[in-house]
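Let's walk through this structure together, one region at a time. Please have the model open as you read.

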Amino acid sequence: MTPPAVVWTPELLGYRLSDTHPLDPIRLDLTMRLATGLGVLDGIEPLAPEPAPDDQIERVHEPSYLAAVKSAPEAHFPVGHGLGTPDNPIFFGMHEASALVCGGSLLAAREIAGGRVNRAVNIAGGLHHAMASAAAGFCVYNDCAVAISWLLDHGFDRIAYLDTDVHHGDGVQAAFQHDPRVLTISIHQHPMTLWPGTGWPGEVGEGDAAGTSVNLALPPGTRDGAWLRAFHAVVPSLLTAFRPSILVTQCGVDTHYEDPLAELNLTVDGHRAIYRALRELAETTAGGKWLALGGGGYSLFRTVPRSWTHLLATVLDRDVDVDRSIPADWIAHTAGLTGVPVPTTMGEGGSVEFESWGSGGDPVDPAVMETRRAVFPLHGLDPDDPRD
Ligand SMILES: [Zn+2]
């Protein structure tokens, strides 16, 4: 078995919605520079994707939507489909850039399905809000859903999708809420307090897929320990019961306390702990198969590069200590791009200790109970039993 696959080409930086848009691809460039500087990618030859062909994108998107995306940059009239809004501005090369992101996640899926690797990562992926016929939340094509759909046709009949972005993974849930073969679990800031306003615990999936949409809605202000407590109170039991043949994760880092778009209070140390937990769960519940995607994250200089370097390192089993110093040339390069203080170490002193659920009261426990009560019985689990 070769080392895990890392999908990357600088062409992925072309997914740039506007000069002032919060989803700035500089975060991807800084991540690759930091991971390289720390030696995380030593000996790894990144795999450069091709744009996904239309018939693959149309696994989850309407042909009329693709036509709108392609024509939008030249159109002299509103094209609809959520395009041309402040969140989803129209940009030249929009179809090509979006198809390349999609192709990256497809390439990662193919590497795993072909048996060449057990794990693959595409930090440019994770565009989880795109809907069948509309752009949404900075996302044009839903690479997560396209990759999952492809995997369903290539030997993976039970797929678990786990979304740790601060926003609800609504586009992926919508794509598979009728499909019992795909378990989607989204852990996010409560929809009463954050766009897109969905992801309530009562959204559990439809028909014979009841129980395969899972939503854990956390109160604003949730910190590392409480986030991890909630995660461990819900996710391992469900994955063990579902027995996925692969774990697909959207690893958005807009849960960070400095993120300008949301109000959870995680740290880089917390993100590192999450990735280690995802790796453990892939090993223990999904036969070691793990497809990791990026996602949101708008603290461009201080958070995303560190957190996704930890993601790359975790996928590659080259874990980076939180006390590790950041290379001077990365600091100098980044300081030249921003006025914000540039970090100097790979952690920030976040406490990732937590008491396991069932051990007494915590402000996050009502959220945990709501989700457990909504879906655990549908998987033969007891929502009130701390052993489940
Ligand atoms: Zn997000």
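**The zinc site**

The zinc ion has three protein donors, Asp 165 (OD), His 167 (ND1) and Asp 254 (OD), at 1.9 to 2.1 Å; donors here are N, O and S atoms within 2.8 Å of the metal (3.2 Å for Na, K and Ca), and since water is not among the atoms, sites may look incomplete. Along the sequence, the donor residues follow the spacing D-x1-H-x86-D. Asp 165 sits in the loop between strand E3 (159-163) and helix H6 (170-176), and Asp 254 in the loop between strand E6 (246-250) and helix H8 (268-285), so the pair ties together parts 89 residues apart in sequence. Helices (H or I, at least four residues) and strands (E, at least two) are DSSP runs numbered from the N terminus.

This is a predicted model, in which local features need pLDDT of at least 70 and side-chain atom pairs count only at pLDDT 80 or more, while totals for chains, interfaces and linings use all residues. Residues are numbered from 1 along each chain as its sequence is written, and side-chain values use heavy atoms, leaving out hydrogens and water.

Asp 165 is buried at 1% relative accessibility, and Asp 254 is buried at 0%; buried means under 20% relative accessible area, exposed over 50%, partly exposed in between (1.4 Å probe, protein chains only).

Now turn to helix H7 (residues 224-242). Of its 19 residues, 16 are buried. A kink of about 30° lies at His 232, shortly before Pro 236, the bend being the angle between axes fitted to the seven residues ending there and the seven starting there. Just after H7, Arg 243 adopts a positive phi of about 55°.
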